[in-house]
Amino acid sequence: MDNMTLTLKLWRQKNANSKGAFETHTLAGVSEHMSFLEMLDVLNEQIINEGKEPFAFEHDCREGICGTCSLMINGYAHGPQQGTTTCQLHMRHFNDGDTVTIEPWRSQAFPVVKDLVVNRDAFDRIIQAGGYVSINTGQAQDGNAIAIEKEQAAGAFDAATCIGCGACVAACPNASAMLFTAAKVSHLAQLPQGEVEAAKRAQKMVAQHDQEGFGRCSNITACEAECPKGISVAHIARLNREYISASLGSETQVN
Amino acid sequence: MTGPEFKPAIDEYTLYIRITIKNMSLNGNVPPGPLGDKWTKYRSSMPLVAPNNKRRIEVIIVGTGLAGGAAAATLGELGYKVKVFTFHDSPRRAHSIAAQGGINAAKNYQNDGDSIYRLFYDTIKGGDYRSRESNVHRLAEVSVNIIDQAVAQGVPFAREYGGLLANRSFGGVQVSRTFYARGQTGQQLLLGAYQSLSRQVSLGNVTMYNRHEMVDLVIKDGKARGIITRNLLNGEIERHAAHAVVLGTGGYGNVFYLSTNAMNSNSSAAWRTVKRGAYMANPCYCQIHPTCIPVSGEYQSKLTLMSESLRNDGRVWVPKKLEDAKAIREGRMTGLDIAEDDRDYYLERRYPAFGNLVPRDVASRAAKVACDEGLGVSPSGLAVFLDFNAAIMRYGKSVAHSRGLNESDDKLVKKLGTEVIEEKYGNLFEMYEKITGENPYVRPMKIYPAIHYTMGGLWVDYNLQTNIPGLFATGEANFSDHGANRLGASALMQGLADGYFVLPYTIGTFLANEIRTPMIDADAPEFMQAEKDVKDRIDRLFAVKGKQSVESFHRRLGKIMWDYCGMSRNAEGLIKARKLIQELRDEFYRDVFVPGSNDEYNQELEKALRVADFLELGELMTVDALDRNESCGGHFREEYQTEEGEALRRDDEYAYVSAWEWNEGNPTLHKEDLIFENVELKTRSYK
């Protein structure tokens, strides 16, 4: 359909310290071929043409890979379409006359910057705590020196495909970032290059996760359901294995 | 390397647009010796900075993509004090992440005759003989180290059943040298660099500044000594000092508004250095990627690429008959209704040796020719088919054969073949369906060329240093390796080559002379002045208080660029475009509306600063395209083509790099003669 009219309820919040509220706008002329973000572009253009301030929302690649876009749409992270980032959600999944509620990610560890934008620096700090292989440039042996079974490499890839958007946190009633943390732990633990540090890595990353104020995982699995990249909660099981082996075998104390 | 004196080719157009031409060839500082030994010898004899001195030297890196991120991690490992800036909320968001298809390396794991020389030669030829031989050979040499490095970081490349690395083919070459991680190679390589960078941050060697946009370069005593940034969270204008500044800030494809670049990709960091005197080289060399999802409407914000790897198996075609094409455009028929004999697989017909895997510039122009003839297959008339049916049947038969199943059962064969295609390109097909609402396993994809990459960029010498001492440019931000056209899977290679294996060495040639220079003072008058300049620029934008949105100016600029400086160009159009851009720029400063204020998170102000810079860069691109009276690679001048419509290069007059000094709208052209000692200049043929 080429000419839908939607009622949009969007979150307005000046900055992290101010109180936010919903603001309602009507948008006509929405085409089914538009992406959700293009629909917001059109809304913002309309607002700017009235001499007012547009809604701040984050986006970049618009191809579903950079992880910049976010948005809770009608209560779902990245909207109701499974396996889809907001930027790849298209308006053909909505109907004329719909009311659409649009909010930022809600989590204590993701403070609101403005309107629909949140700060996800906590994710960087979790990776900095140990989400890497400790090698320097120039130290590598030949790329084919170690054969890695095809399925195993594919398994590592499935974890590595995480885009760091934060949907798992937004979807989780505990606001846990365990799926994000586990994806990196599991990616590296499945490869011989990353296996060496796997146990310590799990320990350090989980400690940082807790310190950032993310909640504990209680196996609700909403994260998996709303992850735009379909990252499986099985990776959390692998993280737990590494974590427990670390607490049993390592000299480092886990608090 | 000082070239012979050359005779400038001034014709009526260059006179008309009033440019100044300098007659001394720029010096690329290429080391002497045979091509294959240059880098090894140079690397072993260049000045070094001792570990104790590295700790006292600060380096600023702007951008955290493959080039910037890799350079930051590596310089941190070496012991320099590194400060890294990105406008993104995290270094992992850099646009390198969107690269799909793969990364080239001359490993010859497939035993198909690949070598460093062949990768070098393919790149020079693919670039239509407009790149610097020495840089390209170095790129080919270090390509093999990149794969090793990435594997050691835990990058999950695709593998064969034997557990070794898999390869595929890309356009413009006849070997399989492309390494890949499904259709997300850029993501995986960037995360590798990001993880190495994160390790250096945790070790305290690198300080990370997220959400900081570079808004000016600071030059002190003739050397680049720092940058001015705007903290995007609160608008604070900050001064940052260092002994040297490295840009890894990507390309400027978004000058066209619609491109495959991310929405926030911009040229401002690079352009600000041009405003301070750095030369912009070959700005007219833009890559138009043949396989993108066609434009669907006026609201379109960006274009989505379908990886070139699809051309391994997809066949490009249009209907032979105008009436069939018309019926498809009007929705009365689909591609499936067209009989095999009524289809024109035009790439296979025109270029039998390379077929669907001709280089990007060739494939793009051929699509344009087909659509210009009225054979386009989307409602707008601007699309051709990319068809996987033949590949599905071929793979299906092969699987049926190996499993001992009935090869003549078409339905079964189709099912098996679809599974193979799904494994190879699943995520790309899914993306296509999400965007278009059409199932590409059943109906052929519709594709059309779109702006994708810019070969032009800041002029750099062999050390990747610009003409401003202490200012370096890496990756897509520089001009050096791809000539007039980049081959597929070579952008990732160049970004990582520069970041991991070239810049960390070559920056030593500058820094070795700086070991006695104390920490640079960010309160020096040059810094204060640059900060004031930035504040004045921002105040000026807010003061306009006009009626039109920033976005609307960007769209209009993009249309001018695409219409007159896009897939094909001519002198008349370029002269007109320059005038239109100048007028649009005047209108921008008269009537733009930037809401809000500076001291807050303000996306409209961010855009306004970037679009203001695009409005100058766009003009320079038209000037460059007008000066280059030949066709080469991505630069196609209608006046210069063969009888068959192929690009007509003019090596006698234009075998040079155009390095432009902006000079506030009165550009001066500096030329670097390209000297080919190892490769014979030939007409590129893919027939």
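**Exercise 1. Which residues do ring pairs link into a cluster in chain A?**

Solution. The model is a predicted one. Ring pairs join F110(A), F123(A), F180(A) and F214(A) into a cluster. One of these, F123(A), is also among the buried residues of helix 2 of chain A.

**Exercise 2. Classify the aromatic pair of Y117(B) and Y121(B).**

Solution. A pair of rings is described by the distance of the centres and the angle of the planes. Over all chains, the count is 28 aromatic pairs. Next, locate the residues. Both sit in helix 5 (residues 116-126) of chain B, 4 residues apart, about one turn of the helix. An α-helix has 3.6 residues a turn, so residues three or four places apart point the same way. Last, check accessibility. Y117(B) has 40% relative accessibility and is partly exposed. Y121(B), at 23%, is partly exposed too.

**Exercise 3. Which charged residues lie over Y161(B) and Y589(B)?**

Solution. Take Y161(B): K150(A) lies over its face, 4.9 Å from the ring centre. Take Y589(B): the charged end of R540(B) sits over the ring, 3.9 Å from its centre.

**Exercise 4. Describe how helix 16 and helix 17 of chain B pack.**

Solution. Start with geometry. Helix 16 (residues 550-565) and helix 17 (residues 571-591) pack at about 175°, with axes 10 Å apart. Angles over 145 degrees count as roughly antiparallel, so the two helices are roughly antiparallel to each other. Then list contacts. On helix 16, the residues include F553(B), L557(B) and Y564(B). On helix 17, they include L574(B), L584(B) and F588(B). Finally, sort by type. The contact residues divide into 12 nonpolar, 1 polar and 4 charged.

**Exercise 5. Is D341(B) buried or exposed?**

Solution. First, locate D341(B): the loop between helix 9 (322-329) and strand 14 (343-344) of chain B. Its relative accessibility is 63%, so D341(B) counts as exposed. Then check a distance. P319(B) is 22 residues away along the chain, and the two C-alpha atoms are separated by 9.3 Å.

Terms used: Residues numbered from 1 in each chain as written. Chains lettered and ligands numbered in written order. Predicted model: local features only at pLDDT ≥ 70, side-chain atom pairs only at ≥ 80, totals over all residues. Heavy atoms only, no water. Phe/Tyr/Trp six-rings, centres within 6.5 Å; stacked < 30°, edge-to-face > 60°. Buried < 20%, exposed > 50% of the residue type's maximum accessible area, 1.4 Å probe, protein only. Lys NZ or Arg CZ within 6 Å of the ring centre and 35° of its normal. Axes fitted to C-alpha atoms, helices over the stretch in contact; angles between N-to-C directions. Parallel < 35°, antiparallel > 145°, perpendicular 65-115°, else oblique. Contact = heavy atoms within 4.5 Å. Nonpolar A, V, L, I, M, F, W, Y, C, P; charged D, E, K, R; others polar.
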